[in-house]
Amino acid sequence: MATQITVREKPAKRTGTRAPKKDTQKEMVTVFIMGKAHQVPADATIMGAIEFAGYQIKRGAGCREGFCGACATVFRLPGDYKIYTGLACTTIVEDGMWLSQLPAIPSQKPVYDINKLEPNVATFQKLYPEVFRCVSCNSCTKACPQDLEVMDYINAAMRGDIEAVMDLSFDCLSCGLCAIRCPAEIVQYNVGLLARRLYGKYLAKESKQLKKRIQEIKEHKFDKEYNELMKMKKEELKKEYYDRDLE
Amino acid sequence: MYPEYMRPSLEKVAQTRNKRFELAKSGKPVYPPMSAEEREEVLKKFHPDYKPEARRKISIGPNKGEQLTTEVADMLESHSRIKPGMFDLTRSDYETDVLIIGGGGAGCAAAIIAMQKGAKSIISTKLRLGDANSMMSQGGMQAAVTDQDPPTRHYLDAIGGGHFDNKPQLVRALTEDGPEVVKWLEDLGVVWDKHEDGTMQVLHGGGTSRKRMHSCRDYTGAIILRTLMDEVRNHPDKITVLEFMPVIELILDQKGQCAGGVLYNLETEEYFTVKAKATIIATGGYGRLHIRGFDTTNHYGATGDGLVIAYRAGAKLLYMDSVQYHPTGAAFPEQIAGFLITEKIRGAGGQPLNKHGELFVFPREPRDVESSALIRECLERKNGIATPSGRLGVWLDSPLIEMLQEKGYINKQFPAMHRQFIRYGIDITQEPMLVYPSLHYQNGGIEINDKCETNIPGLYVAGEVSGGVHGRNRLMGNSVLDYNVFGRRAGKYAAEYVKSAKLGALSLDHIADYEAELKKAKIQTALITPVLLPSYTPEDVRKRQLTAHYEGTLR
């Protein structure tokens, strides 16, 4: 017996990366999901198409909006020798597309104590020596579904330019497609993550204002005001709230 | 690209832009903020929570007799996946100090702090570590750090936004810990948006009376959570991460203390038991239940699992009658309908406009009020713009931001939003976005105190799954803060608790008791929970799936 959750009874609003309702009027295309042919709506995302075809995704779906990197997908198109990469949640299907999701990406991540690292090139040499095997083939950049300049940030890591690595890798989703295509076996996204942490911890200028505020709280500067607010009746609080000025 | 028929309306937006720019630049409010009475009226008439069928009475459990969100009541009145007799509880498959259920922001923060306090932990997560709504927050995190913004002002904003229903001690914890959290995250390596001299860049959010929104471009959650995850993975000897292994029931002991949970391996479909001196639920929210049929901004795994396992074990829920709809979900193109468009857009000066290119609401009302005003503009005043698939929306004028801030601001501050739309031929530096409210946040949850304790000894709760912090409406930027503040607190207090905790014999009797209660209340349901995964399989496919007796993973 089928068990229902409410979502199923209201298919009218089901859209986005969610599977669209079967509709004979809709323009359809054929896609090959792991080699098997399925008719899916022409305007579906790859993720929508996989679900439309009847798959229950376990690995390969996450935020469904292009932030989490769970849905790395590789595909080929008819009459084209190239391998393409994309996120299933943001890539629209094409007729004849042959696709496969990557359920997980094998990667290495050294264990380190962030408090004992130094923000310089030697840290990359020690933790990610393979970075220096980069042959500048640009495969990583071509594979990136975010259109980041991945090779450029790997080159920046080789120079020890942590700020550039941080800046260029900022929007990285850790989907792993760069690492899968890299002939030098670099795990680019982990290199970017290390650089961002080094930048945030060691290179970003400290905020004096923030330091001061933390000190004020430690010294219980706001206790009295808090206690007064916490004791207030709803009506008093309401007045206080609606009378407050706006910056 | 927008269809041709929307052109006249888009032209009106462009025509009114200069005048709106002049007003915004003058520093005066661009539209009068609503009074208490106006807020109440628009909420009553247009907020989805106020529809009569939005709530119903729950017949069993700790909140018996209370009105809850209908879909939540349905989910709670359901069967367990297991029967107590299936397990030999005299031995456990795993043993640890702290079992952390959920690998999002709150779970990771809790594990790090618990580890620093000397406690070992297991993070059980349904999908991958970091698969959570925490990853998706774009706009920022509130924390009162400027001279004109004492944390007590943050308190006032949060409690007013929550309709004065928030638990005061929780709002104090939230706002008082805020500045410390900013620093803690920076020390872990989070790259905050800052000015040249190191001062924090702060913006407004809906319902804030001071600029206190800290951000990491529009990847705030992603930057924070990946930093926390990396730190978790740097301590494999103290923190064990079990992915695709959700906890599907809690285990209690004879004394009624929480003593761990039952794990379910999503892939091999095996069950395991974990014995733990303390347990932290950090499973996040429930957007994937698609309450009221709404699209959602939420993660695939946001199915309210923590609520139901805690409820079965006897934990009390608070404000589970209140749902947050984010004012600006995408309404066009169809492929991204419901997706989050960060409130930072309005914080930076973006304005919601009707089909005539006119402002109809103050752009930064608290979320429930702003959402209701958008719905009113579309449904009652008929000033919305219809999409080809029949959705309604209003414009969110982003090009204005570049005029108010500087050229290039959008690319620098909103790379994710720019990317999201340019894929479909819409350049948000040149054209507005079309938006409509989208199901966003679980305002209520399992009731906690400021130590994250619940009414069950040894059970701690942190993050979206908890209730009381935000009253009946959360402000932007307070959820990122919430998962950090209360994740840290849960880790701290659970680690202290385990030092003296003594467990008795383990028990799953509460599962059988709950089943008996269902029967006694004559509830007929085929639903088995936790839901674990939403299903988007089309109806005709499902009809052919003859041997699937459970839609998630149980076969």
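These notebook entries record what I looked up in a predicted model with chains A and B.

**Entry 1. Confidence in chain A.** I began with the pLDDT values. Chain A has a mean pLDDT of 91, and 90% of its residues reach 70 or more. I then noted residues 1-21 of chain A, where pLDDT stays under 50. For this stretch the model has 62 contacts beyond four places in sequence.

**Entry 2. Where chain B meets chain A.** I looked up the contact between the chains and found 89 residues of chain B in contact with 77 residues of chain A. I next asked which elements of chain B each supply at least two residues to that side. They are α3 (70-76), α5 (151-161), α6 (168-188), α7 (220-233), α13 (415-422) and α16 (539-544). The most comes from α6(B), which gives 10 residues. I also recorded the classes on the side of chain B that touches chain A: 42 residues are nonpolar, 20 polar and 27 charged.

**Entry 3. The domains of chain B.** I found chain B divided into domain 1 (4-30 + 325-439) and domain 2 (79-322 + 443-507). Their C-alpha centres lie 31 Å apart. The contact between these domains takes 26 residues from domain 1 and 25 residues from domain 2 of chain B. On the domain 1 side, two or more residues each come from β13 (323-330), α9 (344-347), α10 (367-379), α13 and β17 (433-442) of chain B. By class, I noted 11 nonpolar, 7 polar and 8 charged residues on the side of domain 1 that touches domain 2.

**Entry 4. Helix α8 of chain B.** Is this helix enclosed or open? I found that 8 of the 8 residues of α8(B), residues 305-312, are buried, so the helix is largely enclosed by the rest of the structure. Among the buried residues are Asp305(B) and Arg312(B), as well as Leu307(B), Val308(B) and Ile309(B). Just after this helix, Gly314(B) takes a positive phi of about 105 degrees.

**Entry 5. A sheet in chain B.** I traced an open sheet of 3 strands in chain B, with the order β12-β18-β20 and mixed pairing. Which strands stand at the edges? They are β12 (317-318) and β20 (466-467) of chain B; each has a single partner strand, so one side of each is left without a neighbour in the sheet. I then examined β18(B), residues 445-447, which runs parallel to β20(B) and is joined to it by 2 bridges. Ile446(B) has Ser466(B) as its bridge partner in β20(B).

Key
Residues numbered from 1 in each chain as written. Chains lettered and ligands numbered in written order. Predicted model: local features only at pLDDT ≥ 70, side-chain atom pairs only at ≥ 80, totals over all residues. Contact = placed C-beta atoms within 7 Å. Helix = DSSP H or I, 4+ residues; strand = E, 2+ residues; numbered from the N terminus. Nonpolar A, V, L, I, M, F, W, Y, C, P; charged D, E, K, R; others polar. Buried ≥ 20, exposed ≤ 12 C-beta atoms within 10 Å, placed from the backbone. Domains from an automatic or database assignment. pLDDT = per-residue confidence, 0-100. Pairing = 2+ DSSP bridges.
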